[in-house]
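The exercises below are meant to be worked with the sequence and the structure side by side. Try each task before reading the solution that follows.

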Amino acid sequence: MFKEVNKNPKKRKAGDCAIRAICNAEGKSWYEVFDALVEIARRECYAPTNMNVINEYLKGYPTVSVMYEDRYGKKRRLKANELGKLPKGNYIVRVAGHMTCVKKGVLEDTWDCGYKSCYKIWRVK
């Protein structure tokens with residue numbers, strides 16, 4: 001299931017998907033998350049949306065396996081729209097070329113990226 005949500009204060013789709021996903025999952029403002037990422041980015045000399053910065057910011061959250069066995073015994077990656085199978089909660093999800101948020105089994109983002117394969121999932125709540 002998909003719900004259109006844009007946490008950017010000016011409702012822009014401006015290459016800030018990681019910031020939007022994090023603030024949506026954590027319940028923080030876009031500015032709070034942006035400022036925290038900038039602080040890490042300055043210390044590490046990366047751009048605020050670099051995956052090294054994002055990983056540092058999210059390091060305290062447990063991760064969830066993105067792989068599972070299908071009914072034929074083959075390993076495959078979860079798709080973002082399959083995250084409703086996980087225990088109810090808030091998740092930050094890195095999919096191919098994008099970051100998104102899943103809250104209580106619903107993909108919340110500016111566009112439906114549910115067909116994309118998951119590469120990393122952090123459980124926030």
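The score called pLDDT is the predictor's confidence in each residue, on a scale from 0 to 100. It is needed here since this is a predicted model.

**Exercise 1.** Find which element of the protein chain has the lowest mean pLDDT and which has the highest.

*Solution.* Begin with the chain as a whole, where the mean pLDDT is 92 and 100% of the residues reach 70 or more. Then go through the elements, among which strand S3, residues 67-69, has the lowest mean at 79, whereas H2 has the highest at 98.

**Exercise 2.** Determine whether helix H1 is mostly covered or mostly open, and state what covers its buried residues.

*Solution.* The cut-off to apply is that a residue is buried when its relative accessible area is under 20%. By this test ten of the ten residues of H1 are buried, and the helix is mostly covered; among them are Arg 20, Asn 24 and Glu 26. The cover over these residues includes H2, H3, S6, strand S5 (90-95) and strand S7 (106-109). Just beyond the end of H1, Gly 27 takes a positive phi of about 75 degrees.

**Exercise 3.** Describe how H1 and H3 are placed relative to each other, and name the residues that make their contact.

*Solution.* The two axes come within 12 Å and cross at roughly 10 degrees. Angles under 35 degrees count as roughly parallel, and H1 and H3 are therefore roughly parallel to each other. On the H1 side the contact is made by Ala 18, Ile 22 and Glu 26, and on the H3 side by Ile 54, Tyr 57 and Leu 58.

**Exercise 4.** In the largest nonpolar core, identify the residues that touch the most other members, and the element that gives the most residues.

*Solution.* This core has 21 residues, of which Leu 58, Ile 92 and Met 99 touch the most other members. At least two residues each come from helix H1 (17-26), helix H2 (30-44), helix H3 (51-58) and strand S6 (98-103), and H1 gives the most, with seven. A second, separate core of 13 residues includes Val 66, Leu 83, Leu 107 and Ile 121.

**Exercise 5.** Decide whether Asn 55 is buried, partly exposed or exposed, and find what it touches far along the sequence.

*Solution.* Asn 55 lies in helix H3, and with a relative accessible area of 28% this residue is partly exposed. Leaving out residues up to four places away in sequence, Asn 55 touches Lys 120 and Trp 122. Asn 55 and Trp 122 are 67 residues apart in sequence, yet their C-alpha atoms are 9.9 Å apart in space.

Key. Residues numbered from 1 in each chain as written. Predicted model: local features only at pLDDT ≥ 70, side-chain atom pairs only at ≥ 80, totals over all residues. Heavy atoms only, no water. Core = buried A, V, L, I, M, F, W, Y, C linked by side-chain atoms within 4.5 Å. Buried < 20%, exposed > 50% of the residue type's maximum accessible area, 1.4 Å probe, protein only. Helix = DSSP H or I, 4+ residues; strand = E, 2+ residues; numbered from the N terminus. Axes fitted to C-alpha atoms, helices over the stretch in contact; angles between N-to-C directions. Parallel < 35°, antiparallel > 145°, perpendicular 65-115°, else oblique. Contact = heavy atoms within 4.5 Å.
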